[in-house]
Amino acid sequence: MTGTFVALGFAIFIWWFSTGIVILLNRMSRTAVTMSLVTSSLLGLGALVGLSHTAQQTGVLGAYCAFTCALLAWGWNELSFLTGWITGPQKTAILKSTTGMPRFVASFNAVLWHELAILMVGLTIVAITWDAPNQVGTGTYLVLWIMRTSAKLNLFFGVRNLSEEFLPAHLAYLESFFKRRRMNAFFPFAVASASACLWLLVDFANQPMTTPAQTVGTVLVGTILALAIVEHLMLVLPLDTTALWRWAIRKHQSEKPAAYEGHVAPVLPAHLDSHDKSLQVN
């Protein structure tokens, strides 16, 4: 039981702290941003090496290491996008009158290269850990990927809270790709599906045949999934979604181009992503 609570606390702290660090780094000087990108890239490569090393480990430390490596790999995705390094060919806002397929295509093009980068990193992790006993890293990355994609779709379809404070000034054009509404038809399906998966993880962790290392790994992955579900709920509940990261957010309202005024700004979900925490990535 102690191991379960330690894993739970570790996952929550890493989620909260890493999200704040990504937000903070992206609001520093360009020199600091460049250095952070270089550092993140090196850490990302080291994370892939770490995942390869721990793939065959079946102990508790192996579970923690794989989990941390997956978060480092995901952090590279987040930082490379938020700094504007890897985004997409669409770099201008769309008219508010744009609807239907043209709006979807423009929104997807705004993050096309970023999505391809996420895919390539994900395929690399799957290949590294293929048929290996330690799947904690792969599970963590897939949860972040799926839930961040879900959050992006919800922002595209429309939600109550868009948390524009998370959006860097140089990505202000993304504001036009999202809309504000109380809820959308996709949201209940997304939350219900994620909750069902979480229940399966909890059930597996409580099985008598589950080893301590498997329990820890399942708790780590399950906690990230639970936090992603909470982030989804924060999209529609009347709550301040930025309260947990006040120490990292620096508002630059005066830096946003006047051309974007009146648009609704997207959110970077706490986590996953999203956290995305991504979300502002679509």
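In this short talk I will go through one predicted model, beginning with the whole chain and then turning to a few residues.

Let me start with the overall picture. The protein chain has 8 helices and 0 strands, and from the N terminus on its elements run α-α-α-α-α-α-α-α. Of the 282 residues in the chain, 51% are buried, while the chain exposes about 12900 Å², of which carbon and sulfur atoms supply 71%.

The mean pLDDT of the protein chain is 84, and 83% of its residues reach 70 or more. Over residues 251-282, however, pLDDT stays under 50, although the model has 136 contacts beyond four places in sequence for that stretch. Where pLDDT is low, the predicted coordinates should not be read in detail.

Now please look at helix α2, which covers residues 30-54. This helix has 25 residues, and from its first C-alpha to its last it reaches 35 Å, which is close to the 36 Å expected at 1.5 Å a residue. An α-helix has 3.6 residues a turn, so residues three or four places apart point the same way.

Leaving aside neighbours within four places in sequence, threonine 54 is in contact with Gly62, Cys65, Ala66 and Asn134. Let us take up alanine 66 from that list, which sits in helix α3, residues 60-82. Alanine 66 is buried too, with a relative accessible area of 1%, and beyond its neighbours within four places in sequence it touches Leu51, Thr54, Asn134, Val136 and Gly137. Alanine 47 lies 19 residues from alanine 66 in sequence, and their C-alpha atoms are 8.3 Å apart in space.

Next come the charged pairs. How many salt bridges does a search of the whole structure find? The search finds 2. In one of them, arginine 148 pairs with glutamate 78, and the closest N and O atoms are 2.6 Å apart. Arginine 148 lies in helix α6, residues 136-157, and glutamate 78 lies in helix α3, so this pair ties together parts that are 70 residues apart in sequence. Are these two partners buried or exposed? Arginine 148 is buried, with a relative accessible area of 0%, and glutamate 78 counts as buried at 4%.

There is also a salt bridge between the side chains of lysine 152 and glutamate 115, at 2.2 Å from N to O. Here lysine 152 in helix α6 and glutamate 115 in helix α5 are 37 residues apart, and the pair links distant parts of the chain. Both lysine 152 and glutamate 115 are buried.

Trp113, Leu116, Leu119, Met120 and Leu123 make a nonpolar surface patch of about 480 Å². Leucine 123, one of these residues, has its place in helix α5, residues 112-128. With a relative accessible area of 47%, leucine 123 is partly exposed, whereas glutamate 115, which is also in helix α5, is buried.

Key
Residues numbered from 1 in each chain as written. Predicted model: local features only at pLDDT ≥ 70, side-chain atom pairs only at ≥ 80, totals over all residues. Heavy atoms only, no water. Helix = DSSP H or I, 4+ residues; strand = E, 2+ residues; numbered from the N terminus. Buried < 20%, exposed > 50% of the residue type's maximum accessible area, 1.4 Å probe, protein only. Contact = heavy atoms within 4.5 Å. Patch = residues over 30% accessible without salt bridge, like charges linked within 9 Å, V, L, I, M, F, W, Y side chains within 5 Å. Areas by Shrake-Rupley, 256 points an atom, 1.4 Å probe, with all protein chains shown as cover. Salt bridge = Lys/Arg side-chain N within 4 Å of Asp/Glu carboxyl O. Expected span 1.5 Å × (residues − 1). pLDDT = per-residue confidence, 0-100.
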